[in-house]
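Good morning, and thank you for coming.

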Amino acid sequence: MPLDHFRIDDRLIHGQVVVGWGQPCAIGFLVLVDDEVARSDWEQELYRMGVPPEMDVYFDSVESAARRLPEYRADRRCGMLLTGDIDTMERLVARAPDITAVTVGGIHHKAGRAARLRYVFLTPDEEARLRALAERGVTVTAQDVPSASPLSLDALLRGDGSG
Amino acid sequence: MTGDAQTPALPLHLRAAILLRLLAIQGVWNYETMLGNGIAFAMEPALRRLPGGRQGEAYRTAMARHSGYFNAHPYLAAVAVGALIRAELDGVPAAQIDRFRTAAPGPLGSVGDRLIWAGWLPLCSSLALLAYGLGAGPLAVVLLFLLTYNFVHLGLRIWGLHAGWTQGLRVAQALANPLLRQGPAHVARATALVAGVALPVAAHALIGPGRVLLGSVLAAVAAGATLVTLLHGRFEGWRLATLALATFVLYTMVR
């Protein structure tokens with residue numbers, strides 16, 4: 001299964017991604033899309049230490065990710081693309097309309113955000129942005145780990161964790 | 001970026017106070033800030049050294065900053081605590097500290113999950129199970145588990161605080177340690193080997209030579225496996241394990 005998982009997670013590369021998804025889905029590579037990380041050597045070095053030696057990690061800005069997406073899709077290994085926020089994913093989808101599904105994997109608490117699920121906290125603006133993504137034809141779901149059932153955008157915004 | 005200059009000494013009593021507090025780092029864990037409050041609590045003794053002491057603005061600002069959202073593996077959070085203390089005491093700009101607080105949790109969580117939750121914990125459990133199967137008494141089994149597990153657990157916290165303090169925000173160099181990079185794969189192989197030996201040996205010890213319970217045990221295993229498969233994605237594993245454990249306790253009491 002090639003690159004088909006586009007995940008919004010403010011933790012970017014972490015245990016849930018590398019162990020939770022990486023092992024059962026045999027993920028071979030991660031694409032981390034973040035304009036600031038793409039410019040920062042020490043942050044890239046840090047994130048690189050979070051993945052096992054057998055897993056590749058590529059760092060891209062939104063522009064370079066959109067440009068290299070066909071290359072990533074042609075990779076025979078299973079891959080996952082990560083952005084740290086909705087805004088970054090929104091900009092990527094605008095440049096790569098062939099992204100048809102996005103998973104919200106974790107957006108955590110900060111001032112102004114309200115709890116929707118135990119791993120998703122959103123501001124009203126972020127809710128509107130997720131709705132806008134869905135209106136563009138992107139299937140938006142919430143799912144933290146593979147063993148959990150994906151929740152629809154409606155269930156996510158209702159805060160209905162039971163799906 | 002800290003870590004390049006000559007490392008100042010972290011007094012022993014201060015190190016001991018931080019280590020003690022690190023043991024309680026999950027004490028006020030919650031879904032909003034996760035480890036955040038624990039991180040600030042562990043750093044607090046060192047932050048008193050900021051200009052102005054406990055009444056100073058720098059202390060209050062740092063405590064507020066570090067009480068915010070932070071999610072990492074609880075043992076490897078010691079690396080972040082050491083690095084953040086060094087950065088605060090060295091006067092690293094707040095923006096750079098904030099970038100580190102955003103970037104560090106993921107890798108620290110990932111390394112810790114692979115090494116401990118997916119590696120060392122199952123290995124120690126398998127070792128204890130093997131000891132039980134080989135005839136060790138209850139106290140010996142429990143002690144074997146606690147000693148082997150906590151040897152690495154406590155060692156990791158002590159090493160983490162030292163590595164973080166020494167490297168400052170350049171802790172990626174510390175995480176490049178071969179034990180952390182290659183260790184999880186070796187531990188996983190060892191776990192597979194030990195579990196493969198321990199399970200039949202422990203089952204034999206549990207069922208005994210008469211095989212009276214063999215049919216019941218096999219039926220329970222088959223029913224459990226079916227249940228887990230049917231409930232996949234709808235029921236969290238820890239709830240199922242707790243339910244099974246409670247049922248077992250009730251059964252032994254009634255029996």
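Before the details, one term: two residues are in contact if their C-beta atoms, placed from the backbone, lie within 7 Å. Please also bear in mind that this is a predicted model.

Let us start with strand E1 of chain A, residues 5-9. Is this strand enclosed or exposed? Of its 5 residues, 5 are buried, so E1(A) is largely enclosed by the rest of the structure. In a regular strand, side chains alternate between the two faces of the sheet. Here both faces are covered: one side carries His5(A), Arg7(A) and Asp9(A), the other Phe6(A) and Ile8(A), and all of these are buried.

Which strands pair with E1(A)? One is E4(A), residues 78-83, which runs parallel to E1(A) and is joined to it over 4 bridges; within that pairing, His5(A) has Met80(A) as its bridge partner. Another is E5(A), residues 101-106, also parallel, with 3 bridges. There, Val104(A) stands opposite Ile8(A).

I turn now to the core. The largest nonpolar core has 103 residues, and Leu32(A), Leu82(A), Ile39(B), Ala77(B), Ala80(B) and Val81(B) have the most contacts inside it. Its largest share, 14 residues, is supplied by helix H6 of chain B, residues 105-133.

What does Leu32(A) touch, leaving aside neighbours within four places in sequence? Its contacts are Leu12(A), Ile13(A), Val37(A), Tyr47(A), Val57(A), Phe59(A) and Leu82(A).

Finally, a residue in another setting. Leu227(B), in helix H11 of chain B, counts as partly exposed because it has 14 C-beta neighbours inside 10 Å.

Note on methods. Residues are numbered from 1 along each chain as its sequence is written. Chains are lettered from A and ligands numbered from 1 in the order in which they are written. This is a predicted model: local features need pLDDT of at least 70, side-chain atom pairs count only at pLDDT 80 or more; totals for chains, interfaces and linings use all residues. Helices (H or I, at least four residues) and strands (E, at least two) are DSSP runs, numbered from the N terminus. A residue is buried if 20 or more other C-beta atoms lie within 10 Å of its own, exposed if 12 or fewer, and partly exposed in between; C-beta atoms are placed from the backbone. Two strands pair if DSSP finds at least two bridges between them. A nonpolar core is a set of buried Ala, Val, Leu, Ile, Met, Phe, Trp, Tyr and Cys residues joined through C-beta atoms within 7 Å.
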